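Reader: I am new to this structure. Please take me through one part of it closely, and then show me what lies around that part.

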Amino acid sequence: MSTVSENLQPVVEDEITIEVTVNGSPRSGRAEPRLLLADFLRQQLGLTGTHLGCEHGVCGACTVLIDGEPVRSCLMFAIQARGADITTVEGLDDDGELHPVQQAFHAKHGLQCGFCTPGMVLTCKALLDRNPTPSEREIRDFLSGNICRCTGYVGIVESVKEAAAAGRGAAEATSASTTTER
């Protein structure tokens with residue numbers, strides 16, 4: 001006859017190979033089907049820039065981009081991401097050069113403790129990819145799903161405005177050089 005404690009032992013599920021593209025590189029790892037994407041990125045792939053805060057999808061610290069869309073990696077199983085193109089905060093730099101959003105966060109003091117910063121930066125990148133000239137209201141609305149307990153959001157909003165302006169400057173420079181070359 002079995003005891004209650006024997007019946008409560010967890011069922012060990014078979015691990016599954018998960019192949020994804022992370023920050024432009026093909027990556028793979030093995031995980032149980034119930035492993036969360038955030039844990040897969042951190043534990044299997046060593047990408048610890050993805051932070052876990054609430055583990056309920058409320059705070060946004062675990063935000064990554066999946067096929068360009070911001071996603072809470074604490075609410076998604078790793079197996080659901082198979083074949084996806086994932087961008088983490090580690091993938092934003094360009095050969096050591098900070099991404100314009102990262103540069104703006106630095107210049108405009110859009111961070112304090114830094115815990116929410118990876119999720120904020122990726123959410124801001126997704127916003128600017130969709131809308132390169134957002135209004136302050138659009139910025140605040142888009143960021144409303146990300147919680148920061150330190151900054152009061154003023155520096156974060158100013159950072160997004162700065163990154164948007166930098167993006168416009170880069171686009172104008174590219175347009176001007178294209179026109180000059182003709």
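Author: Gly46 takes a positive phi of about 70°. The model is a predicted one.

Now the helix itself. Helix 2 covers residues 37-44. Its buried residues are Leu37, Ala38, Asp39, Phe40 and Leu41. What do the buried residues of helix 2 pack against? They pack against strand 1 (16-22), strand 2, strand 3 (63-66) and strand 5.

Take strand 2 next. Strand 2 runs over residues 25-31, and Ser28 has its place there. Is Ser28 buried, exposed or partly exposed? Ser28 has a relative accessible area of 44%. Buried means under 20% and exposed means over 50%, so Ser28 counts as partly exposed.

Ser28 also has contacts beyond its neighbours within four places in sequence. These partners are Ile18, Glu19, Phe40 and Leu45. Phe40 is one of the buried residues of helix 2. Leu45 is 17 residues from Ser28 in sequence. In space, the two are 8.0 Å apart, C-alpha to C-alpha.

One more place, on the surface. Asp93, Asp94, Asp95 and Glu97 gather there in a patch of negative charge. Where is Asp95? Asp95 lies in the loop between strand 5 (85-87) and helix 3 (100-107). Strand 5 is also among the strands that the buried residues of helix 2 pack against. Asp95 has a relative accessible area of 79%. That is over 50%, so Asp95 counts as exposed.

How values were computed: Residues numbered from 1 in each chain as written. Predicted model: local features only at pLDDT ≥ 70, side-chain atom pairs only at ≥ 80, totals over all residues. Heavy atoms only, no water. Helix = DSSP H or I, 4+ residues; strand = E, 2+ residues; numbered from the N terminus. Buried < 20%, exposed > 50% of the residue type's maximum accessible area, 1.4 Å probe, protein only. Contact = heavy atoms within 4.5 Å. Patch = residues over 30% accessible without salt bridge, like charges linked within 9 Å, V, L, I, M, F, W, Y side chains within 5 Å. Areas by Shrake-Rupley, 256 points an atom, 1.4 Å probe, with all protein chains shown as cover. Salt bridge = Lys/Arg side-chain N within 4 Å of Asp/Glu carboxyl O. Lys, Arg positive; Asp, Glu negative; His and termini not counted. Charge placed at Lys NZ, Arg CZ, Asp CG, Glu CD.
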